[in-house]
Every structure is written in structure tokens, then in C-alpha cells.
Number of protein chains: 12
Amino acid sequence: MNILVVNGPNLGAIGRRQPGIYGSKGFDELPGVLTRILGDREKQIRWRIYQSNHEGELVDRLEQAVDEGVNGLVLNAGALTHTSLVLADCLAWIGIPCVEVHLSNVWARQEPIRQTSLIAKHCIGSVSGFGLTGYGLAFLALMEHMSSQSG
Amino acid sequence: MNILVVNGPNLGAIGRRQPGIYGSKGFDELPGVLTRILGDREKQIRWRIYQSNHEGELVDRLEQAVDEGVNGLVLNAGALTHTSLVLADCLAWIGIPCVEVHLSNVWARQEPIRQTSLIAKHCIGSVSGFGLTGYGLAFLALMEHMSSQSG
Amino acid sequence: MNILVVNGPNLGAIGRRQPGIYGSKGFDELPGVLTRILGDREKQIRWRIYQSNHEGELVDRLEQAVDEGVNGLVLNAGALTHTSLVLADCLAWIGIPCVEVHLSNVWARQEPIRQTSLIAKHCIGSVSGFGLTGYGLAFLALMEHMSSQSG
Amino acid sequence: MNILVVNGPNLGAIGRRQPGIYGSKGFDELPGVLTRILGDREKQIRWRIYQSNHEGELVDRLEQAVDEGVNGLVLNAGALTHTSLVLADCLAWIGIPCVEVHLSNVWARQEPIRQTSLIAKHCIGSVSGFGLTGYGLAFLALMEHMSSQSG
Amino acid sequence: MNILVVNGPNLGAIGRRQPGIYGSKGFDELPGVLTRILGDREKQIRWRIYQSNHEGELVDRLEQAVDEGVNGLVLNAGALTHTSLVLADCLAWIGIPCVEVHLSNVWARQEPIRQTSLIAKHCIGSVSGFGLTGYGLAFLALMEHMSSQSG
Amino acid sequence: MNILVVNGPNLGAIGRRQPGIYGSKGFDELPGVLTRILGDREKQIRWRIYQSNHEGELVDRLEQAVDEGVNGLVLNAGALTHTSLVLADCLAWIGIPCVEVHLSNVWARQEPIRQTSLIAKHCIGSVSGFGLTGYGLAFLALMEHMSSQSG
Amino acid sequence: MNILVVNGPNLGAIGRRQPGIYGSKGFDELPGVLTRILGDREKQIRWRIYQSNHEGELVDRLEQAVDEGVNGLVLNAGALTHTSLVLADCLAWIGIPCVEVHLSNVWARQEPIRQTSLIAKHCIGSVSGFGLTGYGLAFLALMEHMSSQSG
Amino acid sequence: MNILVVNGPNLGAIGRRQPGIYGSKGFDELPGVLTRILGDREKQIRWRIYQSNHEGELVDRLEQAVDEGVNGLVLNAGALTHTSLVLADCLAWIGIPCVEVHLSNVWARQEPIRQTSLIAKHCIGSVSGFGLTGYGLAFLALMEHMSSQSG
Amino acid sequence: MNILVVNGPNLGAIGRRQPGIYGSKGFDELPGVLTRILGDREKQIRWRIYQSNHEGELVDRLEQAVDEGVNGLVLNAGALTHTSLVLADCLAWIGIPCVEVHLSNVWARQEPIRQTSLIAKHCIGSVSGFGLTGYGLAFLALMEHMSSQSG
Amino acid sequence: MNILVVNGPNLGAIGRRQPGIYGSKGFDELPGVLTRILGDREKQIRWRIYQSNHEGELVDRLEQAVDEGVNGLVLNAGALTHTSLVLADCLAWIGIPCVEVHLSNVWARQEPIRQTSLIAKHCIGSVSGFGLTGYGLAFLALMEHMSSQSG
Amino acid sequence: MNILVVNGPNLGAIGRRQPGIYGSKGFDELPGVLTRILGDREKQIRWRIYQSNHEGELVDRLEQAVDEGVNGLVLNAGALTHTSLVLADCLAWIGIPCVEVHLSNVWARQEPIRQTSLIAKHCIGSVSGFGLTGYGLAFLALMEHMSSQSG
Amino acid sequence: MNILVVNGPNLGAIGRRQPGIYGSKGFDELPGVLTRILGDREKQIRWRIYQSNHEGELVDRLEQAVDEGVNGLVLNAGALTHTSLVLADCLAWIGIPCVEVHLSNVWARQEPIRQTSLIAKHCIGSVSGFGLTGYGLAFLALMEHMSSQSG
């Protein structure tokens, strides 16, 4: 399995960005999290991680993923979750199974603009509120999804 | 760890209820799912499952959980997710860490009434769209949450 | 034909509840109404009537109807018509042909909360404004629906 | 009893207009439907049917009905149900008991513009979703209404 | 001065239409009202009155007024006041000074749909709530307007 | 007849306030306007005029009018028309017949805040868009109203 | 006087439920509060208290109160205040004078869902924000209301 | 205890203002009401009453209360309750414990503009619907509040 | 190819109606425009043009088109674009490929009522803002559509 | 240059009013602030300061400013910024260049009622969030504006 | 004539992106489409095509077009049509005549976010729903516009 | 003090972009403006200016500013002010004191989309409407803010 983790704007700063909301771990701790959550299953996957503050670069990267044979996406679009119809339209056509992840529990935040995800309807599911652990859960969810599809 | 799984209205019928939306597995398959997702960690927990179509019974059950020493909740409130301020107020005061679970990807459904969760703000996070697998992920998330709290 | 009449909250008091809005007849007069409206056709059906003030009990009763082989529902959900997504979700999955009935003409009432029926989209049609007569019309509508389906 | 059936825009095409929504029967089958639904009672009434695509002609026709001694209306205003305050104001002043009929279950359709009936508050009740059968039910409802008024 | 009085839908029935709201006088009393309100000034004007329940006929009539040299309009559009963008667009291009009249005080009625006049912005002013007297006031207003324009 | 003309905020400046909207005449020209509009009838009335920029003073003045035996009000509340529930409540209880007047055609102005009159429902009617002429029309309307009441 | 105190969902936990919002007193302290607030007048009343987390049970209890001759209600519907049209409809028909009570000052809370009371229009008045003291004030208000009615 | 009762616009007319809504008692009956409600406790307080139709004067008066050592407010802001952010901001900074009072049950009135209290969030609680009695209840509530604060 | 051009209300006056918005050309110039835009292709089509200010006549004409074998519609519904659900329902059932045309760029106009087209969803596409030229473009679009359908 | 500083309701209390929001300086410190911000330029201006809690007095004062030859306004309307159409209409006609000032950053506050300024469109610009310093900046802005106008 | 075709996000993938919505032709077929639509007129123009997934690059490219002497724009902004005020502001100042193009009929799509075009008011007109053919129509429209401007 | 001026989309064109709204000065005149506004104080600061049409580049630049020791931001985000939650989230975490600047008085513009600033709540204050002068005021405000913080 070939998984691409895509992080959107302001997610390059995780670890030092408002730790009270987003946690104090940076993405350098993601391999450890995956080992802990996936255990033996980690061997079944190949993964890469990409981050950009640019909506256009995220779309370019997702289009490139089609040609690379990526067959699972873990996407934390950051604030673009709520504003980018461009990103939503991209997910709609590339058709790679995608899990939406958020570090904080976005559905619990009170600002109205954060209460709609434009990308949700192009994702198989979502995980939010568990910090980096959520990425590990998303990997698991993708793997279960794949095996149920192929099973 | 003492976990209570609480399922709300219409969730007693899972497996035969609209399989295209909610999947074809019933809750009798949950133990197998947990074994698959949790692996060895399954031994660290004790869990029970409860379902009711009655909002009042759900509240009664949650109040009782306080006295039973339940320290983790996995809650799929079904349609009450979107309409029950009563359930939300209950979660607010009992203070047991809770993960919101949905079988389908509720954030992707187009009916406006399904796009707000009254209970989200009293939960540590949410998992939706992965069918029964999501319950397993919720268990994992609760366990990670506990260990990070105590760690 | 096996028809179940389900009445929701506050409908146990019909006859003495605000007669100006809901009429002065109680459900004990329903058999007479059916005889009058259905005439000979009354013999083709078997029917029972159920009332509860509890949303949960109504869902329990509807789920039980699936196992009883009920093949037609006449449902007056009372105020739950406008607030109960739980009841709507139940109708969605049990799949028994259902006619929505209201004693008063709900579409004519001016309170905004009464102007949307959450259950309408899971019903084959609706009858409102004719008091107990409306139940008789609903029986007729169900019978015509059945015969056109089977015809 | 002297009943006028009034059909609004696009209802001249019933039978060939989107049969999946409106059914495949034309108004030429209405007499048969009435015979079937009303049985012996059919003799107690005199009825005529009128259709126009013109809002103004519908109002003219309704005003004329006052002078003709029509004492019961069965009105399917089609799309004007949701947009014509003119028609609503006409019903308000002519004061002839009126039953609102729709072939499809309009309360179940998802377009917001179809979820409000401007004419409902000037009708004694409504019947929707039963195709031509609904007209028969409307006749029955009008007759019951009359007899309860005079009784 | 050449004034055309145009009355829209349901205004042919004034006098017998809901007298509690619209008064008990019919348009046959308008000449008397004008004599009373205008006094000597009545001689300075020539006027005709037109009524139709048809939006299209009202537009046709207004277009014809341009060719007839009508230089003042008194318009009571009835319910079309609130719904007819067609009539508003017609007033916009014909450019004849127009006074909006209503028998009842429409701005005081509580139905939201009656609280916006689509035609107001194409009228020099409005008079509402004074029954037939309002037509007389509208004539006066038009005459004052003309003399101030030409003065 | 004893009429009080009440003008609200910014109406002391009429004549030099935005003449393009409000006209170039000041209230010193009102007597001339009344003579022109009322003709002989002017003798039947006694009137005074009051202006204040203070909502509270306007209410005080209206309360005082009750004791003075004022039996007709001509009220231009200026911007308070759209914002002062206080003034509306005052009109509601003093019960003196009142005509709402506006110099400009307020119903035609595009700002949403100007499209609702809080005071309309406590007035017998309204006149707007005719500058000072409108005050004369309001006097006429009040006199006609009185004579029809007493007639 | 025969007063029934009815408490809705989550009100069984008062005293240990979020004391910062709801206070630290439980309903076992209510008799003391009544003694303090009512003084001698306490002898004029007979009262009972009922609590349930179930909407349906609350309605059942209120219907039963009609037969018991209860002539005053003190109702704290908890979160159902804002969501239960069922409870509102029940109050509407039972017709027992009712005072709405809230422990916290609900009108001051910022969540939009808490800013409308569906039951208010079926109550003679409301008291909110004074904790258990508010129940005492409600008793006083009911007693004053009764004496003014009978006086 | 030093209590100031502040009444806003149109409250000088109570007793003769719409008695069906506001009752037939004037504020001259308030001392009697207080004696009846407070009993012996009346001796513990000193109180004055102030009324103005002017928002600005009410703010001036409240600012003056700070310097006078007033330590409890009973405020019926009348229509300003719903429109005066100025009054709300004043209560916010003066910090004197305040009880909001309304003669009628404002939360039950159907006009949308009356369904929000701008001042509620700066008050410890509210009492509405009990006429003058409500002022007495407010005094009691303030006294209980003080004693619980100091206790 | 058999094309019908249908123009709605106020479009009979084009050329003299607000030329700043709608241009100074009348429909008598349409043949020249078509020759210029279509060139040789003009020979492949037969076309007629129809205009009415009456919604009902437009619907009648469209129904008649079905029987005439019209296989392409160019429709400028004028103000009915935004208000006529009747016209939309007609297009829905007649099923003739239709191109929506507007002389001005309606999507750029600021009035909210002009920003929704009820008929758009029953058209293959739309052209707006190019005056009469837009009709020529619509013909081209229809012809391309047909050839791609048949090709 | 002749500048008038106008402060609205609750601004007389600055310094002791919620210092966390509005700062701890009173207007007695304004001269010092101006000296610090304006430096030598202070000599080019003459200024006065006015405060009132009364909307009407503020309008009176602004009207008087026209006659006094004031040619620059610094206006902090306090809560009236968001509610007073009266004040907005006054600024509209007096035509004196005005800078809107707020002590706190009003655009950042979360209450919806504080997010619209009715007066903004009659001001050349606004300064908010800098406490008393903002008044100094407003003076500078006015002076730059004047010199660019005259330059 | 010097025309620039600008395509926004996700339009590089046309041909393989959801063919059911956007058609199966890629932009490599545009020259053929132009030849077919424009015929001889193709010689009168010079054109280039540009695509980017980056809002910022699109703005950069449009600014550059000013310096290149581009005198006609054909712009398909993709999803940015509905979300990019940045692009709208750019079109507003560069002032090059622009035609808005969409492959699908955007006005017919049901998602609310797709029903407003932020850029429409800066375009002379729009063409939508005709796939690549629409680009050819836009070229024609631009050429007609130019000749009418210069004619 | 180390200040970074950040300008967003379309601000590279200032001077030639719609001078009626944004003024005719380009940023090359900013040094002169600062000298004029700051006088001697200019020596206390070091500043640089950055402009980009790309949201992503603006975020990259702001993140870089943290490492450069920038301790004051002057930000004119252009149209992104109203649409970019990404930029708002960036300001939220970098924590550098920021003043929001706009050349035109944005709060006075009538388009709804321009009436909310997503970034305001992460800024200490804002200055709008004074063209380039506003940048100078923003520098002053930042310096005063710093000195009060450190003072």
C-alpha cells in the first residue's frame, strides 16, 4: 500500500503552534506514532509526507499522486478544510481513497466558519481531536478500508 | 480501563438497517473487530455495550456509569447527535472522556440537520465513516488519550 | 392487509385536548369512522392502534411491526413530526409503506417550527386537517397504494 | 353538493408529464377513480373540472364559482402553490371550503421553494402523494366536512 | 392631465372581499371620492380605471398607456406588489410617474411576504391604509408632483 | 379637530439636509402647503408642530398629547421609524389615530434597515415620497378617517 | 393549593452537576428554601416533586396531574425547554397555571439554541438565574396569581 | 441594603397602558406589593424608584447609583431591553447586582424583536410575567443573592 | 433543425426599453445577427420567434412546441427567470433542449432576486450579457449540442 | 483647523470602566496623548471635547457644530455605533469630515451586534484598538486629509 | 485582436476529470473547436492559453497581460469563481474586457456555494454549459463586443 | 524596533489600480509618508516591505518573520482579509503584534463579503480609509503599543 500524507497551511509549525490546541508534538514524531499504532501492520505500507502553505501546490501534489500510483490519502487540509472549494474539486476527480484528519476536534470549535468541511464529501471518513494519534488511526482506517474493498 | 459503548436510536438494527449507508455488520461482530484493531492491547480493557431507542434511558445509563467507575465512553448517539441538547448536557456534567463515533461519514451527508453535532463539544474527538472499524479506532484513541493523560 | 395506526405524544388526550384545533372526537370513535369511510372494504384489513408519549417507545413499536408483518402504517407523530430525526431515521429503514396523518391542517399553522415535517420524505403521502376522518382517508390511500403496487 | 375541481399550470399534461413523479394516469381517468373511491356517495355530488396554465384565469374561474353556487373546491395549484400570493388572496375572500391536493408528496420534496404552501392557510385540509386517488380522497373529505358542518 | 388607475388581482371584488380588511366600498364609489378629495381640481384631469387578475394583461395595459399619452399612474398591484418582478420591470422602463396605493396598511401586516414591495422603487411615492380615500390622495399627489416638475 | 404633527431626529434640518433626497422646503412652508391641499377644510382643524432629536422627548410629548385632547397625529419619526421599539410601544398605548409620513419614499430605499417600520402597525396608514405635500395628504387622510368613524 | 414541581433531564444530578453554573444545593434543600421564602404562607399549599430524564414520562406525569387536581405547576424542563415541542403541546392542552423556572439565567447564556423557550408561551411567567431560590419565588408567584384570579 | 428600582420608557403609564397586557395597577401600588411579598424583611432595605422615557437619562441615573452606594438594582428597561446596547454596556461596567423584571411574560411574546434581551447577560437573573408582583420577587431574589454572597 | 425562440415579459419593448441595460436593437434585427453569427450554417435551421407578457401563454406555447416537433429552444424568460416555478416545471417535462439567454449579464446584477435562475437546471447551458448577439450564440450552441448528441 | 471630539454613551466613565477592555486612562490624559502624537503640529489645531449618554444630545451637538465652523470630527459613538441610524443620518447631512474611533478593536469582538458600524459609511476612515492613542491618530489622519484636500 | 485564455484550478485535468460533468475533450482540442466555431474570423485573432492551480499565479498572469497588450480575456476560474475575491479584485482594476466561461452549467448545480460568481460583475458576459464549445462562443462574443465598441 | 510591512494580493498595483478607491500614490512614496508622520521617531525603527499575490507566500513570509526577530507587523491583506482563514490561523500562532491596515474605508463598503475581517481578532487594532497615510499611523500605533507594553 502506497500512502501519501498531505498537510496544508500552518501545519509545518506543529509542535510550536498553539500547543494548547494542536499539541506539542511535531511531525518528526509521526514515525514513532505509526509504529505504536500500527504494530506489525506497518510493514504493509509505504508512505511519504508532504506539507505546503499554498493551496495551488497542494492541488499540484495531489494531481501528481495519481501518476505515482498512490492508493491512499491522509489529508489534513488545515484552514483550507473550510474554505477551499478548489481542493474539494481536486479530491472529487482524482478518486484516491482519502481520510480527513484534524489534530483538534474541529466539530467542537465554536466559530461557524469551522463547522463545515468542504472536503468531507470526497473522503471515506474522518478522524479529529486526537493529535498525531489521529494520523495513525487514519492509516489503520485506510488499511481496513482497502482490505474490505479487496476482500 | 473500563469502557462503556453507548448506542442510540435505530442502532439496534445495524446489519439489517440500510446496509448501503451503515454497512452489513451487526454489533455481534464488534468483538472480532476489536481483536483485529487492538491486538494485544485488548487485554488492558474491560468493556460493555448498551443500546436504547430512548433518550431518557441513555441519560439514565450515562448517569449510572459515573457510579460504576466507567472511565471511557464510546458514544454513537445516532440521530440524537443532531437534536438532543439533553444528551449534550448530560455529557457536560458527567465528565467521562468520550469519543464520538458514527458508522457513516456524517460530515459528508447533505441534509443540514445532520451537519451539526450538539455533543461534539463534550467529546475529546470523533471518528466517522468507517463502520464498525470506527469503534475499534475509538477504543484505541481512548487508550492513547488515557496513557498521555497519565504519562 | 395488516395496518398499524401509530399515534405520538399528546394524542392520548384527543377529544378533550383543545377541541377548537383537534376536534371533539376521541379515538374510540375511530372504528365508526372507518366503517363510514371504508364501507365494504373494511373487511379486507386487520388493524391495531398504538399511542405513546415516548419517542423511544414509538421507535420500539415500529421496529416490532417489521417482525409482525405489518404492511401499512398510518402515523400521526404529533409534535415529533417537526423535531424527531430519530423517528424519521426509523421509518427510513423499516420500509413499511406509511401515510402521514394530522388532525389539524399543520401546513396552515403559522409557527415556523410546525412548517417542516422531518418524516414526510419517508412517507408515501400525507393527509391533514380533517380530524378523525383523515385516518379513514389514510386507510383508503394505503389500500389503493397496495393494489396499484400489486396490480 | 356542487364541487369544482381546479387544476393549475402544467396539470393539463398529466399522464405524459414525468410519470415517475406524477403517475401515468390522465384526468380522463378521474371519473373512474371517483366511482371507485366514492361508491354510492358519488350520486350526492355534481362536479366539474377546470384546468389552466394562467394564474389570472384561475382567479377568474374561482370568482365565477362564487356566483355559480359552488360549495366545495378541490384545488391542485401546481407550482403556483408555492409562489402565488394572488391565488391565496383569492381563496381568502371567496370563502368556499377548499381541499388542497397534490399528485406527488410535495412535503417530501427537497427543493426549499416547494416546502411552503401559500394557499394552505385558506384550505380546510390537504391530501398529497396519492396521484389521482388523492382527488377522490379530497371529495370524500369535502363531503364529510359538509355533513359535519350541517350536522 | 391623463391619469390611468390600474388595479391588480382580486381588486375587482372590493366591496364584497373581506370588508374588515379592505372596506365595504366598491370602485363604483371612486368618482364620489375623487369629487370629495379633489374639489375643483378634478376638472384638470382625465382618468380611466382598469382592473385585471392577470399579470400579463396588466403589463400589456401599461405598455399601451405609453402610446396613449398617459402621464400619471395610480397603481394598486394587489398581491403582485410583493411577488411580481415582471410588473416592476415594466414600470422601470415605461417611465410614467406612478403612485403606489394600497387599501389596507400593508406595511403593518405581519406576514413577511407582504413586507417588501418590488414595485416601490419605480414609484414616486406610496399611500396605504386609507381605503378608497387613498386613491384620491394619490391623484392629489400626482398633480402636486406634476406642477412641481413643470413649475 | 386637534392635530399634532411630530417630527423626529434630523427633521429640524429639512430644507438644508440633503435636498436631493428630502427636498428643499423647510417646515416654515408647511402652512402654505396645508392651505393648498386642504382648501376650505383647513378651518376645521387646529394644529401644532413639534420636533426633537431625542427619542425620550418624543415619547414625553406623545404622552402629553393624551392629556391635551389631541385626536389626530401626523408622525414622521425619521430614522427612529426603523429602530425605536420604544416609540412603537408608546403609540400602541396612547391610542390616538396616527398617520405615518415620510418625505422620501422609504419603501424604495435599498438599505435593509430602512425596509421595516416598527411603528406601522400602530398607524392607520402611511404616506411617503411626496415631501411636504405628504403632510397635507396625511391631514386629509386623518380628517376622512374621523368623519368615516363618526359617520 | 396543590402544586406539582416538575424537573426535567439532568436535574436529578443538581448539587453535583457543574456547580459553577447550577449551584451546589440539591433538591433535598428545597423544603428549607420554601420555608425561608414562603414563611407562614407555606401552610396554604400542598406540594410534591417529580423528576425524570424522559420526555415521555414528563408528559405522562403532566397528564396525570390533570386528574389529580393539581392547580399549579412549577416546571424546570432543563434542556427540553429549548427542544421539546411535545412538552409545549402538553402544557397547551392541560391548562394548569405554570411557572417556568431555571436555575441559571438561561436568557444570558450565549448558545443560540438556549435563547428560545418553546414552553414560555404556555406559562404565566418565568423566573431564572436564582438557583433553588427561584423555585420559592415561583411558588410565591403562583400563589399571588391564584389569589388575583379568585379575588 | 440600598435598592434602586429603574423603569424605562412607557412605564410611567402603567395602570392605564394596555391593561390586558401590563395589568391595571400603577407603581403607586408597589409599596403595598412589597409589604405583602417581603413581610418582615422589608425593614432590611431602603429603596427608591426612578422612571424615564430617555435612554440617556437612564444611563446617567445608573452611573449616579454607583456613587450613591446602591448595591442592588431592579431594572425593567421596557422596550429598551431589546434594542439598547447602550444600557447593556452601562450595566456591564457599573457592576451592581441587577435583576431584570418584566410585567408581561416577554419570552412568550411572538414578535422576534422581543425575543432577545441585550441586558440579560449583565443581570443575575430575571423575573417576567407576574405584573407588579414580579418587582417584589426581584427584591426577594436580590436579598437572597446578597445573603448567599456574604454568607 | 427546428428552433423556437421564446421571449418573456417586457421583451416586446426591447430597443426602446432602458437601452443602457438592454441595448438599442430590437428583435427585427435578429435575422441580421443570425446571418452574421451563423454564416452558412443558417441554412440548416428553421426558426420562429414568440413573445408574451403572460406566464400562462408562455407555458401554452411551450406545450404546443412539443406537438410541432420543435427540437431546440432559445429562451429568454425575462423577470420570470427568477420567479416562475411554473415555467421551470414546464421545461422539466417537455424535455426539449433549451438554452437560457439574457440580454444583460444577469449574474452580475446586484439585486438578490436576480441572482437565482429557477429555469437553469432545466437548460443545457446559458449565455448572458451580449445583447442580441447572445441569441446567435445560443443558436450555435444548440446546433453544436445536437451534432454532438447525434454524432 | 477646528476639531470637535465627540464621545457617546458610557465614555464618560473611561478609566474606571472595564479597564481590561478600554484601558485605564481617562480623557484627562488626552491632551498629553495629543502632544505626544502630534508634536509641533498640535499648534495648527483648535479642539474641544464633548460627551453625552444621550443620542439626542449628540445629534443636537453635531448640528450645532455646523454653525460653529467645525471642520473635522473625531467620533467615538460607543454602543450607538452599532444601533443608531439617527446618528448615521445626522453625519450624512452635516457633511463634516469625520474619523470613527474606538478604544477597543471592535472589529475583533465576537458579538454579532458589534460587527456592523452604521456610521462607517459617513466617515472618511476609522481607527480602532489603540485606546486613547487612537484619538491622536485620528487627529493626524484628519490633518493629513485636510492638507491633501486643499493641496 | 490579442486574446488570452485563462483556466484556473483543476482545469489542467480536463478530459480525464469527471467526464460526465466536464466532457471528455482536453484543451488540445480547443484549436479545432475554434476553427469550427470561428471559421474565417479565426484569422483576426492571436491567442494564447494559460492554466494554473494557484490563485496567486493567475493574478500574476493577469497583471502581466496588461503590459502585453492583451485586449480580450476568456476566463474559466474553476472553483475560484465562487471563492476568490482576490481574482475579482484583479479583474476590477486591470479593465480588460473579459468573458466568463464554464464547461458545465454552473447556474444549474445545486450546491449553494456554486450559485454565486464573485467575478461576474467584472465580466461583460458569461457562457456556461457547452463544454469546449463555450470557449469558441466566448471568442465570438469578445469579437462582436470589440466591433460594436469600435463601430 | 523591527517592523515588517506585508501587502497582499493586488497591492503591487497601487497607484494605477482604481485610483478613485485606492488613491494615486504607489508604495514608492511610503518612505516619504513615514518621514512626514513619524518625524524623529523614524530613527527608532528598521522596516522592510513585502508584497505577494499568493496566500501561501504570505504565510511563508510571516513564518520566516518569526525567525528574523520581527516584532511588529503592518498587514494589509487586501481581499484575503475577508476570505483567508489560512492567514488568520497564521497570525494566531506567530504572535507578533500586528496592525491591520486598509487603504479604503472597508467598513463603509456595501458588499457583504467585505464587512467581515477574518484577521481582525488576531490584530491589536486597525486603521482604514486614509490611503498610504494609514501605514504611517499603523507604525505610530505599533510604537506606542510597544512602549506601553514595555513601560
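## Terms and model

Two strands pair if DSSP finds at least two bridges between them, and helices (H or I, at least four residues) and strands (E, at least two) are DSSP runs numbered from the N terminus. This is a predicted model, in which local features need pLDDT of at least 70 and side-chain atom pairs count only at pLDDT 80 or more, while totals for chains, interfaces and linings use all residues. Residues are numbered from 1 along each chain as its sequence is written, chains are lettered from A and ligands numbered from 1 in the order in which they are written, and side-chain values use heavy atoms, with hydrogens and water left out.

Let's start with β5 (residues 125–128) of chain D, which runs parallel to β4 (residues 98–102) of chain D and is joined to it by four bridges. Within that pairing, Val99(D) has Gly125(D) of β5(D) as its bridge partner.

Both strands belong to an open sheet of ten strands with mixed pairing, ordered β2(C)-β1(C)-β3(C)-β4(C)-β5(C)-β5(D)-β4(D)-β3(D)-β1(D)-β2(D). At its edges stand β2 (46–51) of chain C and β2 (46–51) of chain D, each with a single partner strand, so one side of each has no neighbour in the sheet. From one strand to the next, the twist averages 20 degrees.

Helix α3 (residues 55–68) of chain D lies across β1 (2–7), β2 and β3 (72–76) of that chain, at about 180 degrees to β1(D); such angles run from 0 to 180 degrees between N-to-C directions, with axes as lines fitted to C-alpha atoms, for helices over the stretch in contact.

## Helix α3 in chain L

In chain L, the 14 residues of α3 (residues 55–68) should span 20 Å at 1.5 Å a residue, and the end C-alpha atoms are 20 Å apart, which agrees. That expected span is 1.5 Å times one less than the number of residues. After α3(L) comes Gly69(L), with a positive phi near 75 degrees.

## Chains A and B

Chain B can be laid on chain A with an RMSD of 0.0 Å by a turn of 180 degrees and a shift of 0.0 Å along the axis, the superposition being by least squares on C-alpha atoms of residues with pLDDT of at least 70 in both. The two copies are thus related as by a two-fold rotation axis. In chain B, Val127(B) has the C-alpha nearest the axis, 2.3 Å from it.

Contact (heavy atoms within 4.5 Å) links 25 residues of chain B with 25 residues of chain A.
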